[in-house]
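User: I am new to this protein and would like to be walked through it with care. Could you take my questions one at a time once the model is displayed?

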Amino acid sequence: MRIKEICFFFGVRKMIEWVKQLNKAFGASFVWLICLIYFTQGFRSFVWTAVSYQLKDNLKLSPSASQFVSSIAFFPWSIKPLYGILSDCIPIKGRKRIPYLVIATLLSLVPWPMLGIDSNLRSSQWHLTVLLTVQNLGSAMADVVVDAMIAEAVRSERASFAGDLQSISWLSMAVGGIWGSLLGGYALTNLQIDKIFLLFSVLPAIQLLSCGLVGENSADSKVSHDSANSSNSHPVNGNGNILDEDNILLKKSSASATRRKRSQKNGNKRASMRTKSLIPEKGNSLISHWFHSLKTATYSLLRAFRQPVILRPMAWFFLAQITVPNLSTVMFYYQTEVLNLDASFLGTARVVGWLGLMLGTFTYNRYLKTMKLRKILLWAHVGLSLLTLLDVILVSRVNLAYGVSDKIMVVFGSALSDAVNQFKLMPFLILSGQLCPPGIEGTLFALFMSINNLGSTLGSFVGAGLASVLNLSSGSFDNLGLGIAMQVLCTFIPIAFLFLIPKEATGISA
């Protein structure tokens, strides 16, 4: 016991020193904001567990209808590049990040108090869907903006801290996910759902206040500084010509005053009229610049994405999502209604799932980085098909004949599935990073993640359709075994398209 205490002490001490180094490099307020945002993203499991029970118990939705609502609500995660392009090309009051982060935080905050206070909004499927979609819009936008802030922060002299900043971000999300899952199950057992919605709104509120602690340099000031230091006088954002013409007018005015004192007053009037006439031109030039930036960014993104070396692997990851129907909502209904598993236990199972995800990440980085991606993805899908068979065993109740409880099946199935899914996600992240051409890395990577999210959303739609066809509803799970068997067979479909993945690609090089 003494050895464990010593190891724990040195581990905490090392983490504290690590955070101090980051605070010194980036500023304590910046590191706090980054950790808070990622912690909130992970802690969302606290409130979304309550949303699942709201759809099931209070709105009395069928599994397919509940999964349909969730799929629509999570759609904003499928259009993440749009938020990146907007924040890159259209500054708000000269700033590209903090204003958009404030807007995103407001969007993610406002729906929860509304749902917590107004029972009519909670009881309406339409209103609930709209508010959950708005909340996900804010969360997805905040995710894109904070990724851009991290990318900008680690440039130039602070690039050596890039890995540390990413690590503490993912660590914050994992800690948030673990605590959110644990407390979410406990809260559902002891609190009403409206109180859970109100409690969760505290985190986005703190995030909103924390946005004011982080400063951001004005994009206009940076442009002016670069323009002043350049050897030529090319206009930037339409401001260069206006400043040059104003200077010319002032010089002419001054020269005229030395020659003719009588014309000084008229010269000043003409200069003033000239400046006023340029103001609309400045506004039009700024709008034109924004439109040109949006157009250029979009064309560059599409041009890069159409390259076969990028399009083919992304097509595989998209197919791998949509060809496998997602029956997770149906299994949630089955676990709560037939197996009688309570919210507290399901929260614990999700914690084990987070630990499995972290184990999968460690295993991949330690042992699988040098393996061909095709081989990793092949065995990942074979492993997923075998783990899905555990659900067949659970539904058929064969586990009870061998003395294995339902809780053990659910816990180990959750942990192993999340670990194997991480084997599938890590190659996607690595390949995405390797395929991004310079200059548009952030936006293109956001596009890759959006493709993955869109595939997951469509896979949920496919699962909802399958549940509807098989007549799987609350209290009617006779065909659930057949649905899971079809899911197992569909898991092998992406294997047939592995030729889309670069043959020699590994976790180190594409």
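Analyst: K195 forms a salt bridge with D194, the closest N and O atoms being 3.4 Å apart, where a salt bridge is a side-chain nitrogen of Lys or Arg within 4 Å of a carboxyl oxygen of Asp or Glu. This is a predicted model, in which local features need pLDDT of at least 70 and side-chain atom pairs count only at pLDDT 80 or more, while totals for chains, interfaces and linings use all residues. Residues are numbered from 1 along each chain as its sequence is written, and side-chain values use heavy atoms, with hydrogens and water left out.

User: Is D194 buried or exposed, going by its relative accessibility?

Analyst: Buried means under 20% relative accessible area, exposed over 50%, and partly exposed in between (1.4 Å probe, protein chains only). D194 has 17% relative accessibility, so D194 counts as buried.

User: How many salt bridges does a search of the whole structure find?

Analyst: One of them joins the side chains of D143 and K80 (2.8 Å, N to O), a pair that links distant parts of the chain, with D143 in helix 8 and K80 in helix 4 (residues 80-89), 63 residues apart. Helices here are DSSP runs (H or I, at least four residues), numbered from the N terminus. D143 is buried at 9% relative accessibility, and K80 is buried as well, with a relative accessible area of 6%. For the whole structure, the number of salt bridges found is five.

User: What is the N to O distance in the salt bridge of R397 and D406?

Analyst: R397 is partly exposed, with a relative accessible area of 28%, whereas D406, at 12% relative accessibility, counts as buried. Their side chains meet in a salt bridge, and the N to O distance is 2.8 Å.

User: Which helix holds S45?

Analyst: S45 has a relative accessible area of 17%, so this residue is buried. Leaving aside residues up to four places away in sequence, S45 touches G176, G177, G180 and S181, where contact means heavy atoms within 4.5 Å. The element that holds S45 is helix 2 (residues 28-58).

Note on methods. Helices (H or I, at least four residues) and strands (E, at least two) are DSSP runs, numbered from the N terminus.
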